[in-house]
Amino acid sequence: AKTIGFFGHQRRERGLDLLPSLVRRLLASGYRVVLHDTAGHFGAGDVRPHLRLLTFVEDLGAEMTSCDVVVCPMEASRYEHRHSGIVWNAVASGLPVVLPKGTLSAVRISRLRSSCSYREHSVEGIMGAISRVASNYPSFAAAAEQGALRWKKKHGVDRFVQSILDRLDTQDVPRERGRTRR
């Protein structure tokens with residue numbers, strides 16, 4: 001694992017307060033970092049080698065797959081009963097994820113074996129989880145690829161389109177100029 005990504009709208013409940021120290025620590029440890037900063041919290045003038053700041057991204061999936069690991073430093077209590085779209089995007093993209101224990105997303109994706117959860121919401125706690133993923137990266141990456149295949153079968157675009165077509169077959173659907181299908 002060489003490139004670590006942080007995606008989504010950075011705000012306090014998603015670890016905004018930890019990000020500056022966490023990014024500095026990752027850069028000092030030799031990682032490359034991609035930081036999606038939609039709100040402009042981090043100065044564009046703060047140019048550092050191996051740090052790529054993103055504002056608006058047209059293709060979130062493509063940006064995410066430029067990373068080896070996606071980190072979601074969210075506050076566990078705020079995500080205990082709700083999902084993170086960034087986590088599910090990482091799963092669909094076949095990327096290992098670092099996230100806090102006790103979140104709904106952590107519970108749901110743990111069976112994929114492509115994630116590593118941390119208990120302590122701190123730079124040290126998150127760095128420990130990143131180190132665990134990095135030390136066994138081939139295993140996490142392989143599990144993430146398998147997880148993406150399982151995701152695609154159950155939730156992917158093909159499945160979505162098929163569910164729409166199935167509903168059309170079971171309902172009266174307006175056809176050419178007022179004609180209905182029964």
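Trainee: To how many aromatic pairs does the count come?
Mentor: This is a predicted model, in which local features need pLDDT of at least 70, side-chain atom pairs count only at pLDDT 80 or more, and totals for chains, interfaces and linings use all residues. Residues are numbered from 1 along each chain as its sequence is written, and side-chain values use heavy atoms, with hydrogens and water left out. Rings of Phe, Tyr and Trp (its six-membered ring) pair if their centres lie within 6.5 Å, and the pair is stacked with planes under 30 degrees apart, edge-to-face over 60 and tilted for the rest. By this rule the count is one aromatic pair.

Trainee: Are the rings of Trp88 and Trp151 stacked or edge-to-face?
Mentor: The ring centres of Trp88 and Trp151 are 5.4 Å apart. Their planes lie at 20 degrees, so the pair is stacked.

Trainee: How many residues apart are Trp88 and Trp151?
Mentor: Helices (H or I, at least four residues) and strands (E, at least two) are DSSP runs, numbered from the N terminus. Trp88 belongs to helix α3 and Trp151 to helix α6. The pair thus links distant parts of the chain, and its members are apart by 63 residues.

Trainee: Does Trp151 count as buried, exposed or partly exposed?
Mentor: A residue is buried under 20% relative accessible area, exposed over 50% and partly exposed in between (1.4 Å probe, protein chains only). Trp151 has 22% relative accessibility, so Trp151 is partly exposed.

Trainee: What distance does helix α6 reach from its first C-alpha to its last?
Mentor: Helix α6 covers residues 137–155, 19 residues in number. The expected span is 1.5 Å times one less than the number of residues. For α6 this expectation is 27 Å, and the helix comes close to it with 26 Å.

Trainee: Within what arc do the buried residues of α6 fall?
Mentor: The buried residues of α6 are Tyr137, Phe140, Ala141, Ala143, Ala144, Gly147 and Ala148. Seen down the helix axis, with directions taken from the axis to the C-beta atoms, these residues line one face of α6 because they fall within an arc of 160 degrees.

Trainee: Which exposed residues does α6 carry on the face turned away from its buried side?
Mentor: The buried residues of α6 pack against β4 (69–71), α3 (85–93), β6 (115–118) and α5 (123–135), where contact means heavy atoms within 4.5 Å. The face turned away from that buried side carries Pro138, Glu145 and Lys153.

Trainee: What separation lies between the C-alpha atoms of Leu99 and Ala129?
Mentor: Leu99 is in strand β5 (residues 97–100) and counts as buried at 0% relative accessibility. Its contacts beyond four places in sequence include Cys72, Val87, Ser115 and Tyr118. Leu99 and Ala129 are 30 residues apart along the chain, and their C-alpha atoms are separated by 8.3 Å.
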